[in-house]
2 protein chains.
Amino acid sequence: MKYREAKEQFISAWGNLGSNWGINRTMAQIHALLLISPEALTTEDMMEELKISRGNASMNTRALIDWGVVKKENKLGDRKEYFVATKDIWELARRIAQERKKRELDPLLEVLENLQNIEGEGKQVAELKTVAQRVQTFGKKADKLLTFFSKAQYSWFTNLLK
Amino acid sequence: MKYREAKEQFISAWGNLGSNWGINRTMAQIHALLLISPEALTTEDMMEELKISRGNASMNTRALIDWGVVKKENKLGDRKEYFVATKDIWELARRIAQERKKRELDPLLEVLENLQNIEGEGKQVAELKTVAQRVQTFGKKADKLLTFFSKAQYSWFTNLLK
DNA sequence: TTTTAATTTCAATATTTTCTGAAAATTCAA
DNA sequence: TTGAATTTTCAGAAAATATTGAAATTAAAA
């Protein structure tokens, strides 16, 4: 396989994965591009490689920085900003886990906590309470696991499989 | 808190969670509704509760069935179809894990496998190969873990936290 | 059969999300 | 300061996704 084709396949696969995970395609593609690039890239580079506008590149690069998976870099005597992605996949996974926990699991658990004090008695109330409680129990466990995961070493993850 | 309000909060929270996970809001809301309902529901019930059209209800119910988290039920002497959700949250988590693995991880791993035979030598080629390999290694471990997870008992998950 | 009830499909429409591009803001050098 | 280079912002446009509703299909009852 030619380099160019391989690159396109990787970027495209990463983009698909991202969009299945509520991350927009361009954001995932910029990330893919940075991942496979041996050098830091400028906004111009991204625009050209992915055929996207300046605004798009700027906004999605910022989002990647907010997720903590991309960093700015400066080069002496150059005014442009350069960007690099964390190349450590384990570190990447941990950051994503951490960020999603914060954005999704935590708010859900808060809602579930509130649902414990529903008034009334009937069947429906009972069912809602039961489900809320079960989801909460499960969610709390997932929460603990994610917290642990996001602090753990890669070796822990590996050992889990033995 | 009143029952109605609680119900709305639960459905809304579940809908949000779903839409962060690439599952459309209505589909998640129907699922939420079935989860907290003590009885099987008809399409009519869903339409009324969620203010959605018949077509929408039909399509999203079907999608839930494809995911394996909702089942059809029949009542004697009643021509209508009734629907129930799996109430076991652990079972639900396993099905989702299984389904997402099949739809997302497996295709990614296949692409990565292909990327191992890239022609050429330069820095860029080397970097792409390295990244693809790292992602693949990680992906394979995640794959094993998910396979195990989707066959495991709830107690395994619980024990993990000890 | 034929009729009626229930469900599915899908073209048209509505909504949401993403992207563009140019103006505004920022940053640094002269 | 001023001015050029660079980045950010955001209103409007485009694209993608979800929803409707009525016609077509299917399934059961008469």
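A residue counts as near a molecule or strand if its C-beta atom, placed from the backbone, lies within 6 Å of it. This is a predicted model, in which local features need pLDDT of at least 70 and side-chain atom pairs count only at pLDDT 80 or more, while totals for chains, interfaces and linings use all residues. Residues are numbered from 1 along each chain as its sequence is written, and chains are lettered from A and ligands numbered from 1 in the order in which they are written.

**DNA strand D**
- Around DNA strand D there are 18 residues, of which Gly55(A), Glu81(A), Ser53(B), Gly55(B) and Asn56(B) come nearest.
- At least two residues of this surface come from each of α4 (54-66) of chain A, α2 (25-35) of chain B and α4 (54-66) of chain B, where helices (H or I, at least four residues) and strands (E, at least two) are DSSP runs numbered from the N terminus.
- With five residues, α4(A) gives the most to the surface near DNA strand D.

**Chains A and B**
- Chain B has 46 residues in contact with 45 residues of chain A, contact meaning that the C-beta atoms of two residues, placed from the backbone, lie within 7 Å.
- On the side of chain B that touches chain A, the largest share, 13 residues, comes from α6(B).

**Hairpin of chain A**
- Strands β1 (residues 70-74) and β2 (residues 81-85) of chain A pair in the antiparallel sense over five bridges, pairing being assigned if DSSP finds at least two bridges between two strands.
- Lys71(A) stands opposite Val84(A) in β2(A).
- Six residues lie between the strands of this hairpin, in which Gly77(A) takes a positive phi near 70°.
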